[in-house]
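Visitor: I am new to this structure and would like to go through it step by step. Could you show it to me?

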Amino acid sequence: MKKSSLVMAKLGSSLENNSGDGSLLIRFSSSLDKLTKGYNRILHGLSCVLLFAMMFLTVFDVLGRNLFNSPILGTYELTGFALAITVFFSLGAAQLKGDHIEVDFLFKKLPERAQNVCNAVIYLILTLVVLLTSWQLFVYAQRLLQGNNVSGDLGIPIYVIAFLTTFGAIGFFLSLLNSFVQSVVKAVKTG
């Protein structure tokens with residue numbers, strides 16, 4: 001633990017800004033926080049609209065099926081695609097609000113500095129995993145575009161959905177990167 005304390009102290013002192021308005025890391029954290037919150041606010045708003053549209057589509061499909069014996073064609077596909085987009089668009093907002101499940105009964109017994117260092121390491125790993133996931137989603141979307149894959153009932157190009165989920169994964173990546181940077185700032189401040 002001594003070595004990590006020394007590394008964090010060196011990091012904090014090397015990022016000091018002589019102009020007196022805080023460290024470079026703190027300013028970067030503030031800018032990243034604004035960008036992340038703005039991007040995820042837009043995505044979350046779109047996911048709310050999609051969820052509302054899914055609700056109406058499902059209600060009208062059930063009413064049409066039961067009252068008029070005429071269901072809406074493609075409801076299953078549309079709700080499936082909308083659900084995928086809604087989930088991916090909401091991941092970043094959930095991370096920013098701290099709505100993901102955490103098991104922290106042992107973690108809370110650690111000293112504050114150790115908690116901040118552990119958070120930084122965990123968020124770094126998660127950030128890298130989600131970055132790789134975003135990249136692979138983008139590569140997959142490109143393959144779907146080249147293959148001209150479309151859905152079965154409505155003929156919707158599937159690459160559009162894959163690209164949209166990539167935007168959601170990027171929002172989640174930004175949220176995790178933001179959490180990582182904030183954890184590093186907290187670890188440096190408590191050192």
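Visitor: In which helix do Asp 61 and Arg 65 lie, and how many residues apart are they?
Guide: Both Asp 61 and Arg 65 belong to helix 2, where four residues, about one turn of the helix, separate them. Helices here are DSSP runs of H or I with at least four residues, and strands are runs of E with at least two, numbered from the N terminus. Please note that this is a predicted model, in which local features need pLDDT of at least 70, side-chain atom pairs count only at pLDDT 80 or more, and totals for chains, interfaces and linings use all residues. Residues are numbered from 1 along each chain as its sequence is written, and side-chain values use heavy atoms, with hydrogens and water left out.

Visitor: What do Asp 61 and Arg 65 form?
Guide: They form a salt bridge, with the closest N and O atoms 3.0 Å apart. The term requires a side-chain nitrogen of Lys or Arg within 4 Å of a carboxyl oxygen of Asp or Glu.

Visitor: Is Asp 61 buried or exposed?
Guide: Asp 61 counts as buried, at 7% relative accessibility, whereas Arg 65 is partly exposed, at 43%. Buried means under 20% relative accessible area, exposed means over 50%, and partly exposed lies in between (1.4 Å probe, protein chains only).

Visitor: How many salt bridges does a search of the whole structure find?
Guide: The search finds two. The other pair is Asp 33 and Lys 37, whose side chains meet at 3.2 Å, N to O. This pair also lies in helix 2, four residues apart. Asp 33 is buried at 16% relative accessible area, and Lys 37 is partly exposed at 40%.

Visitor: Changing topic, how many residues does the largest nonpolar core have?
Guide: It has 13 residues, and those with the most contacts inside it include Leu 25, Val 130, Phe 173 and Val 181. A nonpolar core is a set of buried Ala, Val, Leu, Ile, Met, Phe, Trp, Tyr and Cys residues joined through side-chain atoms within 4.5 Å.

Visitor: Which elements give two or more residues to this core?
Guide: Helix 2 (24–67), helix 4 and helix 5 (158–190) do. Helix 5 provides the largest share, eight residues.

Visitor: Which residues is Val 181 in contact with, leaving aside its neighbours within four places in sequence?
Guide: Val 181 is in contact (heavy atoms within 4.5 Å) with Leu 25, Phe 28, Ser 29 and Leu 32.
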